[in-house]
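Biologist: I am new to this structure and would like to learn how to read it. Please take the features one at a time.

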Amino acid sequence: MTTTLTAKEPRRTGRSLRPKAARAGGTLHAGPLAYAVLILFSLGSLFPLVWTAIAASRDNNRLAQTPPPFWFGSNLAHNLNVAWNDANLGKAFLNTTFVAGTSAVTIVFLSTIAGFAFAKLRFRGRGALMLIVIGTMMVPPQLSIIPLYMMVAKLDWTDQLQAVILPSLVSAFGVFFMRQYLMQALPDELIEAARVDGASSWRVVWHIVFPAARPAMAVLGMLMFVQAWNDFLWPFLVLTQNGNPTVQVAVSALGRGYTPDQSLIMAGALLGTLPLLLVFAVFGKQIVGGIMQGAVKG
């Protein structure tokens with residue numbers, strides 16, 4: 001005896017056995033194993049920061065003992081105060097904020113314009129120039145330190161902030177990053193429509209390119225700000241601790257001496273890290289949203 005399928009009795013296939021959320025494009029919930037892995041990696045990521053705070057709350061003698069301390073002590077406020085005054089961190093914070101902010105804003109502005117040119121404009125030698133830009137990313141920055149220092153010395157810029165700012169106003173990574181983003185996020189038809197309406201190149205950049213590239217600009221600005229804030233080698237060579245130090249140069253001064261006080265070094269490192277944590281806590285949602293929006297557009 002044979003049976004026939006009617007419209008009221010659809011055929012049962014393997015596809016119907018999938019979860020309802022997956023069939024409808026809904027949200028899939030993580031299982032206990034995923035949460036356990038995420039918690040484990042989160043604790044591992046937070047451990048260096050927590051250990052820095054623990055070490056900053058102890059004295060140098062306790063840190064030299066075995067086993068080391070794994071909980072906070074009572075010297076945190078004292079060590080932070082001593083580190084702040086001895087390392088001249090007040091001036092260092094102002095200098096670093098100015099240097100990192102100027103570098104980040106300039107890099108984002110120039111990289112967006114250059115990325116738009118490489119992504120959407122047609123000109124002779126575009127591919128060769130882009131290869132040169134990418135090639136500069138493969139050169140170790142240590143190779144340019146000696147000629148760059150000789151140039152700064154001839155200009156008499158030693159221990160001046162422009163010696164740190166000017167070499168960091170352009171980033172090959174920023175140009176490549178913005179080019180890759182704008183190739184996907186900015187339709188050619190939008191630019192052609194603006195051209196038909198009589199918009200100049202600068203008007204296209206200001207009213208079309210910048211709004212379209214805003215998520216990527218936020219991400220690039222955050223990355224460049226963190227990079228400039230954490231830069232140590234070049235500022236250490238051209239700046240002094242008693243002149244115009246950045247945060248990293250000021251903190252390095254805490255380690256000088258015959259027997260460096262590790263608790264003070266940790267206190268200075270903790271103070272130097274707190275502004276970055278504050279920036280990410282305030283703008284973290286916008287930064288992650290920009291990364292996700294760029295990933296969807298790409």
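Modeller: Start with the bend at a residue, which is the angle between axes fitted to the seven residues ending there and the seven starting there. Helices (H or I, at least four residues) and strands (E, at least two) are DSSP runs, numbered from the N terminus. H2 has a bend of about 40° at Phe 47, and a proline, Pro 48, follows within four residues. The model is predicted, so local features need pLDDT of at least 70 and side-chain atom pairs count only at pLDDT 80 or more, while totals for chains, interfaces and linings use all residues. Residues are numbered from 1 along each chain as its sequence is written, and side-chain values use heavy atoms, with hydrogens and water left out.

Biologist: What span should helix H2 have, and how far apart are its end C-alpha atoms?

Modeller: The expected span of a helix is 1.5 Å times one less than its number of residues. Helix H2 covers residues 32–56, which is 25 residues, so it should span 36 Å; its end C-alpha atoms are 35 Å apart, which agrees.

Biologist: Which residues in H2 are buried?

Modeller: Buried means under 20% relative accessible area, exposed means over 50%, and partly exposed lies in between (1.4 Å probe, protein chains only). In H2, the residues Thr 52, Ala 53, Ile 54, Ala 55 and Ala 56 are buried.

Biologist: How many salt bridges does the structure hold?

Modeller: Side chains of opposite charge can pair when their charged atoms come close. A salt bridge is counted when a side-chain nitrogen of Lys or Arg is within 4 Å of a carboxyl oxygen of Asp or Glu. The structure holds one salt bridge. Its partners are the side chains of Lys 120 and Asp 188, at 2.9 Å from N to O. This pair links distant parts of the chain, with Lys 120 in helix H5 (residues 89–120) and Asp 188 in helix H10 (residues 188–196), 68 residues apart.

Biologist: Is Lys 120 buried or exposed?

Modeller: Lys 120 counts as buried, because its relative accessibility is 14%. Asp 188 has a relative accessible area of 35%, so Asp 188 is partly exposed.

Biologist: At what angle do H5 and helix H9 pack?

Modeller: Two packed helices are described by the angle between their axes and the distance between the axes. Axes are lines fitted to C-alpha atoms, for helices over the stretch in contact, and angles run from 0 to 180 degrees between N-to-C directions. H5 and helix H9 (residues 172–185) pack at about 50°, and their axes are 7 Å apart. Angles under 35 degrees count as roughly parallel, over 145 as roughly antiparallel, 65 to 115 as roughly perpendicular and the rest as oblique. H5 and H9 are therefore oblique to each other.

Biologist: Is the crossing of H5 and H9 left-handed or right-handed?

Modeller: A crossing is left-handed if the near helix is turned anticlockwise from the far one by less than a right angle, and right-handed if clockwise. The crossing of H5 and H9 is right-handed.

Biologist: How do H10 and H11 cross?

Modeller: The axes of H10 and H11 come within 10 Å, crossing at roughly 130°. That angle makes H10 oblique to H11. H10 passes H11 in a right-handed crossing.

Biologist: Which residues of H11 are buried?

Modeller: In H11, Val 204, Val 205, Ile 208, Val 209, Phe 210 and Ala 212 are buried. For Val 204, the relative accessibility is 1%.

Biologist: Where is Asp 156 placed?

Modeller: Asp 156 is in the loop between helix H7 (145–154) and helix H8 (162–165). Its phi is near 60°, a positive value in a residue other than glycine. Asp 156 is exposed, with a relative accessible area of 57%.
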